Amino acid sequence: MTWLRDVLVELADEAPRVDLAERTIATRDHRRRTAISLLAAAMVVVIALGGTLAVRLMPQAPTPTTSGKDDLPARGVGPLSHAYKTFCKPVSGKAPSHCRDGGWRVVTRSGRTYHVPEALPSLSPGRTGLRDSPLAISRDGRKIAYYSAKEGTFQVRDLASGAKTTAPMKLPPNTWLYSVTRLMLSDDGRFVALSKVPDLKDPALLFDMRDRVVRELPARWVPIGLSPDGATITLAEYSPNSQLRTISNLWPPTSPGNSTAVILPQHYAFSPLAPDGKTVAAVENHSTAEKPCQMGDLVLLDPLTGKKRKTVPIRGLSADVSTIYLRTWRSADEVTALTTSVRCRPASEVPDDEPAQIDPPYRTFTAYAVNVRTGEARKLTTYRAQGIFGIAMPGPPGAI
């Protein structure tokens, strides 16, 4: 995904706010130039997946107890296991039943599946190109955050009671919608953080939904953790360098805060902040343009100093796993790893005229629980996917 982020940043600096994905597809030179990044594994995986620009993920197991045709009820919905987007016209293969193009579905822990019609779809009718409308889930799975077209800004919804809170400022779509967006919802639903790449000349934002105030954040950083009082946020960056950043004393919103950042000596795929609030897990990335998909050990990092606290090899994954993405912490000792198994091609073997696919075929993704103390992995479930970022899991996102 690094090539897409770099291209979008360059395009944002060169042109007005336009459909960046269509220009990305047409910009072959940018694709070739960004292939030399140390994060080329992400690019090659995306190309192998069909060059997808809007990342999409659909669960395969467990089998939902509803067909996926129902809308989210006004109240009385149980905790979620995850949410995902559906896209309806893959270049080959079948779309999910009752598909709504670019729309979000949520899946409860009991397997019930619902559409979320209030959440703005990532693609509008009759339109192609990138339009990324995110959704976030609280760590306990009982609240969601999304962009409401009706309200013109972000909302938080309590699934059990149906109560909604709306962000204290309007956000015109052209200030964020054509970026690659990341959304984080605090455990209690009070805070919502929005980040984007490129920033489209506007900052990232942190909303206090209770006190009705807004705090600006640095754009292009992924929010991966927030303290319970909302006063300290942990951010991660993976391109062009892997970095971790902590900002404390965030309130009042006019305060500059105290910021500590560290540039790491190699490239990592980061997890969200661990439950202890003091640890980030990461997978080493040793890939180059000509040797893609070279994933290394799992490490535990101090987010303030970047110091390694522990390094362990990951054991128990399928032998053909090519890429690992860290997501939700299942406990203090286990983190979720979403994995892919695709043919990784060196950049020199990718034809210059190879077409990018807006709707590539669905492929298999496998989730594991990885013990960060021992490196042992146990299989959880599999998914059918077009890409990795179309799934939302409880808690903060990872990077990437």
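Student: Is Pro 313 buried, partly exposed or exposed in this predicted model?
Tutor: Pro 313 sits in the loop between β20 (308–312) and β21 (323–329). Its relative accessible area is 40%. Buried means under 20% and exposed means over 50%. Pro 313 is therefore partly exposed.

Student: Which residues is Pro 313 in contact with, leaving aside neighbours within four places in sequence?
Tutor: Val 283 is 30 residues from Pro 313 along the chain, and their C-alpha atoms are separated by 9.6 Å. The contacts of Pro 313 are Asp 297, Thr 374 and Gly 375.

Student: Why is strand β3 described as largely enclosed by the rest of the structure?
Tutor: Gly 103, Arg 105 and Val 107 point one way from β3. Trp 104, Val 106 and Thr 108 point the other way, and all are buried. β3 is largely enclosed because the buried residues number 6 of the 6.

Student: Which residue in β3 stands opposite His 82?
Tutor: Strand β2 (residues 80–86) pairs with β3 in the antiparallel sense over 6 bridges. Opposite His 82 stands Val 107.

Student: Which side chain of opposite charge is nearest to Lys 196?
Tutor: Lys 196 lies in strand β10 (residues 191–197). Lys 196 is buried yet has no salt bridge. A salt bridge needs a nitrogen-to-oxygen distance within 4 Å, and the nearest side chain of opposite charge is 4.7 Å away. That side chain is Asp 202.

Student: Which element gives the largest share of the largest nonpolar core?
Tutor: This core has 25 residues, and those with the most contacts inside it include Leu 244, Tyr 268 and Leu 338. Elements giving two or more residues include β13 (222–226), β18 (280–285) and β23 (363–371). The largest share is 3 residues, and it comes from β17.

Student: How many residues are in the second, separate core?
Tutor: In soluble globular proteins, nonpolar side chains tend to be buried together. Here the second core includes Leu 120, Tyr 178, Leu 194 and Met 209. Its residue count is 18.

Notes
Residues are numbered from 1 along each chain as its sequence is written. This is a predicted model: local features need pLDDT of at least 70, side-chain atom pairs count only at pLDDT 80 or more; totals for chains, interfaces and linings use all residues. Side-chain values use heavy atoms; hydrogens and water are left out. Helices (H or I, at least four residues) and strands (E, at least two) are DSSP runs, numbered from the N terminus. Buried means under 20% relative accessible area, exposed over 50%, partly exposed in between (1.4 Å probe, protein chains only). Lys and Arg count as positive and Asp and Glu as negative; His and the chain ends are not counted. Two strands pair if DSSP finds at least two bridges between them. A nonpolar core is a set of buried Ala, Val, Leu, Ile, Met, Phe, Trp, Tyr and Cys residues joined through side-chain atoms within 4.5 Å. Contact means heavy atoms within 4.5 Å.
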